[in-house]
Amino acid sequence: MDGVMSADIIVIILATGIRLATPFLLAALGEMFVQRSGVYNLGVEGIMMMGAFAGFYATLQLGTPLLGIAISLAIGALMGLIMAVVSVTFKAEQGISGIGLYMFGWGLSGLLFRLYVGGVTSIDGLKPIAIPLLSNIPIIGPVLFNHNGLVYTAFLLVPLSGLILYKTSWGLNVRAVGNKPEAADTLGVSVVRIRYECLILGGMLAALAGAFLTIGQANMYADNITAGRGFIAIALVYFGRWSPWGILLGSLLFSMADSFQSMVQVLGINFPYELAVILPYLVTIIALAISYGRVWAPAALGKPFQRGTRG
Amino acid sequence: MSSNYNGVFKQIMVLISALVGALLVGALFLLLAKSDPVKAYGVMFSGPFSDKFGITETLVRAVPLLLVGLGIVISFRSGIINIGAEGQILAGAIGATAVATSLPDLPAVMLLPLVFLAGATCGGLWGGIAGWLKARLSVNEILSTVMLNQIALQIYLFLIRGPLIDPKEVSYGTGVPQTALIPEHIWLSKLIPGTRIHSGLIFALLLAVLVYVFLWKTSSGYRMRAVGAGPEAARYAGIRVEWYLVLAMALAGGMAGLAGVVEVAGVHHRSLEGLSAGYGFSGIVAALFGRLHPLGTIPASVLFGALLVGADMMQRAVNIPAAMIMVIQGLVVLFVVSSDYFLQNPDFGARIKAKLFGEKADGEGGK
């Protein structure tokens, strides 16, 4: 058995796990800001699909993944803006508007793919960047320091999100708006503006997560390439109790299990295929169930802000 | 929600505006794709109503939409959002197929009710899981139903590829993933010979009336709506909120399961790939468009049934992918949920005007 579980294989499992954590981290950190400001965006999956297609198509046409990323960020901002208009300005029921956004993004990415591309087309995606010196360290080097730029970005966003959320005045405003919107409003913080900003930021990060799937991993686009990852990312926000480090932990647990599972497949260890596919969804439900107890949730989550009538 | 004549008229106007708005935005994407929206929409709207085929196919599509939609009405009215109908349809279909193919010698009077019961039970259990998770462990039902959809799909595919595959597919070596045909004596009768429209339509219409009676004329229905209106107040009034959440999801899943049964017994006569065909999502749109009223969902299901048929025709006639219909449905949802705001704030138009003309508007918007 020790032949099968050699050090090489462990390195591959760990390195793949780090890479697979990227879309979860990006989308979940974005959703964390959104929910911290008091809004659910359940349309993350639809935004991811649009980001995946936009990044793929721009890279295909313009020849450089960096422009693909830029365009996918812009599309994500636009999708976030749509959600903000519907959920914040028109105070729509957020669960249902999220489903609307999901269906819209799902349909539109499929429509545009069939109209403009049609079949399987591969692109030159992002190349791994080996960090000098660090990538030469045995085991740790290949696991942590030989990935493409989006992987590093996602992991750097974890401490950065923490800094923004807890150490800047904007972060303070976000938390205030999500917990006590009336008080924030009294103090002159625009609830509407903060929520718009968070939804746009969340949209950009969700689209980036999608772009990672096409530009940073598959180097192609396929229908349903997101495979529910947008919804799983939302679940990770609950599991991570609305904190960047909790989200990091959840994303890694998830992606490492996924990586291990695919290695089991590759090595031909007898494990039913259907069960392997079901596993992440099952684990998500279990993760949600053990996140029981909502004391950590932003107090005003899901409640549209209605300024009280003035005397 | 006011039920007077004026209120109904206003709601219909708002719904029409929402649909028109969605179509206009959709037209922008068609223009971007250098397609002619007038021609495309022309086919989409005239096709389903131009001949017997179009009209009957519209009704064939409306049946599962209505059944799913009725479940959505029950769950949304009880304050629980079910987007698991796709999985519940599959659970119902495979349960019905398994019973029907294993008891082929039973007379129709016994087998048909048994098949319906099996489908409703499987769908209901699948939906009930999400209800229980919500009630006991406060698991967000939108997320759990999405996950349950994926799980149901994999189990369904496993069953029609393996244990329940048509023995003929194995002996001929073709291996198409589908079950054996269900016994012919329980196929739902055709309403019009030579078309696909079947008696499931009548069943669905009767069920719509039943759901209406249940929600508005029974005490259980009243309690469920009370839970939807405000769980805290309902709890204070002594209503067992948890129980009604589970019941609502089980009933919603049961309705979706029946949609699966009707697709098997009325249309395909077996379980096969792609059986749910997006009805789980289109049913949500139909229910929302029917203002979450069981009777309002009837015309809404026919409308969206027509749009689904029309989108297929559009794909064949002017080469616009049928994915277009998903875009329009998503937009309809966004417009409809936004429109509540206009219904509740009649002065909104005046406020926009005030803002446009630079006056200090009363309300949000900041400095």
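**Core, helix packing and chain contacts in a predicted model**

In this predicted model, Leu67(B) is in contact with Ala204(B), Leu207(B), Met255(B), Ala256(B), Leu258(B), Ala259(B) and Val262(B), when its neighbours within four places in sequence are left aside. Leu67(B) also stands out in the largest nonpolar core, which holds 221 residues, for Leu67(B) and Ala207(A) touch the most other members of that core. The largest share of this core, 19 residues, is supplied by helix H11 of chain B, which covers residues 241–268.

Within chain A, helix H1 (residues 7–36) packs against helix H6 (residues 149–167) at an angle of about 30°, and the axes of the two helices are 8 Å apart. Because angles under 35 degrees count as roughly parallel, H1(A) and H6(A) are described as roughly parallel to each other. The crossing in which H1(A) passes H6(A) is left-handed. Among the residues that make the contact are Ile18(A), Leu25(A) and Leu29(A) from H1(A), together with Ala154(A), Phe155(A) and Val158(A) from H6(A). By residue class, this contact of H1(A) with H6(A) consists of 12 nonpolar, two polar and two charged residues.

Between the chains, 40 residues of chain A are in contact with 37 residues of chain B. On the side of chain A that touches chain B, at least two residues each come from helix H4 (94–116), helix H9 (191–218), helix H10 (229–239) and helix H12 (273–290) of chain A, and the largest share, 15 residues, comes from H4(A). The residues on this side of chain A comprise 25 nonpolar, eight polar and seven charged ones.

Conventions: Residues numbered from 1 in each chain as written. Chains lettered and ligands numbered in written order. Predicted model: local features only at pLDDT ≥ 70, side-chain atom pairs only at ≥ 80, totals over all residues. Contact = placed C-beta atoms within 7 Å. Helix = DSSP H or I, 4+ residues; strand = E, 2+ residues; numbered from the N terminus. Nonpolar A, V, L, I, M, F, W, Y, C, P; charged D, E, K, R; others polar. Axes fitted to C-alpha atoms, helices over the stretch in contact; angles between N-to-C directions. Parallel < 35°, antiparallel > 145°, perpendicular 65-115°, else oblique. Left-handed = near helix turned anticlockwise from the far one by under 90°. Core = buried A, V, L, I, M, F, W, Y, C linked by C-beta atoms within 7 Å. Buried ≥ 20, exposed ≤ 12 C-beta atoms within 10 Å, placed from the backbone.
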